[in-house]
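Me: I'd like to learn how to read contacts, cores and helix packing in a model. Could you walk me through it?

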Amino acid sequence: MTDTMKAMVVERLGPPDVMELRDVPVPTPGPGEVRIEVEAVGINFADVLAVAGEYLTRTKVPYTPGMEFAGIVESLGDGVTGVQVGQRVAALGGSGALARYSVVNAAGLIPVPQSLSGAQAAAFPVSYFTAYHGLKTLGRGVAGEWVLVQAAAGALGTASIQLAKALDMKVIAMASTEEKLSIARDLGADVTLLQDDEDRAQKVRDAAGGQGVPLILEVVGGKRFQESLDMAAGQGRIIVIGNASREQANLRPVELMKRNLSVTGLWLTSLMSDRAATAEAAQVLSQLVGSGQVTPQVGPTYALADSARAFQDILDRKTTGKAIIEPQR
């Protein structure tokens, strides 16, 4: 192994093109850490926001983006047990994945079925754990219940549709184009609607029996947040997972009182510290992925040098499934 590697580095926050491909030192795993040869990096909207300085936590520069990835365990730090050199794993490291090698705390490793490719494994952790917590842990969804999935052809949307159907729920999927709605239907969505349909709110309520939707996975925010409240059934649950519009949403608590609505935020980073919830999600997801009921949806793939284009494509809503960057290409 050489002493240096290629990595994307951010020294100032801003649009995707602030990322630069550089030669940096290969990281050395410390006690409790693992060095992984990165096969594939799953790019999330959160990564785009982090580079822009708009994420939930402050982005400290310089840094290498990439919070979710998969690869082969290459070296173990002192005290690491339960993982073997040569094993394929997925990892949530917070940052540092857009590189040939990445070092993460062993506690951040996520076992994945060895039948998955590197790209599939990289598309798995964030989207599927978030979908499970949105549908079950916080959303308290039950079999036979309707759920509204926004941005249905994206990484989280495709995961949510598959998982909801595996849990015997009924899905209304919304997306920006007919092509994306076709993807949602192929994954099992029961009803599909264009997100800019002028009558979308009424059509959603009608599809769910006229009374609204019991569970909504809200990722758009801004002006559309009020629409989610309008589409919810009495005692409905709105799980706020993102703010793709990057606009401020307004909430008047009295609107929740009128129909006994619940609005709950979901941030996977903090929820992963709930060991019981994480273990439950991991058990269910491992069974569903292992049985083939759920398959991580790999979208477009990019070389490391094309990372800025991948980020911009996500911003421009050009991608479906999980956008993947492959540092070894």
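Me: Let's start with Leu 268: which residues is Leu 268 in contact with, leaving aside its neighbours within four places in sequence?

Reply: Contact means heavy atoms within 4.5 Å. By that test, Leu 268 is in contact with Leu 92, Pro 125, Val 126, Phe 129, Thr 130 and His 133, leaving aside neighbours within four places in sequence. Before we go on: this is a predicted model, where local features need pLDDT of at least 70, side-chain atom pairs count only at pLDDT 80 or more, and totals for chains, interfaces and linings use all residues. Residues are numbered from 1 along each chain as its sequence is written, and side-chain values use heavy atoms, with hydrogens and water left out.

Me: Where is Leu 268 found, and is Leu 268 buried or exposed?

Reply: Buried means under 20% relative accessible area and exposed over 50%, with partly exposed in between (1.4 Å probe, protein chains only). Leu 268 has 9% relative accessibility, so it counts as buried. Leu 268 is found in helix α9; helices (H or I, at least four residues) and strands (E, at least two) are DSSP runs, numbered from the N terminus.

Me: Which residues touch the most other members of the largest nonpolar core?

Reply: In soluble globular proteins, nonpolar side chains tend to be buried together. A nonpolar core is a set of buried Ala, Val, Leu, Ile, Met, Phe, Trp, Tyr and Cys residues joined through side-chain atoms within 4.5 Å. Here the largest has 44 residues, and Phe 124, Leu 135, Val 147, Ile 161 and Val 171 touch the most other members. Among the elements that give two or more residues to this core are α3 (125–137), α9 (268–271) and α10 (275–291). The biggest contribution, six residues, is that of α3.

Me: How do α3 and α10 pack, at what angle do their axes cross?

Reply: Two packed helices are described by the angle between their axes and the distance between the axes. Axes are lines fitted to C-alpha atoms, for helices over the stretch in contact, and angles run from 0 to 180 degrees between N-to-C directions. The axes of α3 and α10 come within 10 Å and cross at roughly 110 degrees. That makes α3 roughly perpendicular to α10 (65 to 115 degrees; under 35 is roughly parallel, over 145 roughly antiparallel, the rest oblique). Residues making the contact include Phe 129 and His 133 of α3 and Ala 281 and Leu 285 of α10.

Me: How confident is the predictor?

Reply: pLDDT is the predictor's confidence in each residue, from 0 to 100. The chain averages 94, and 100% of the residues score at least 70.
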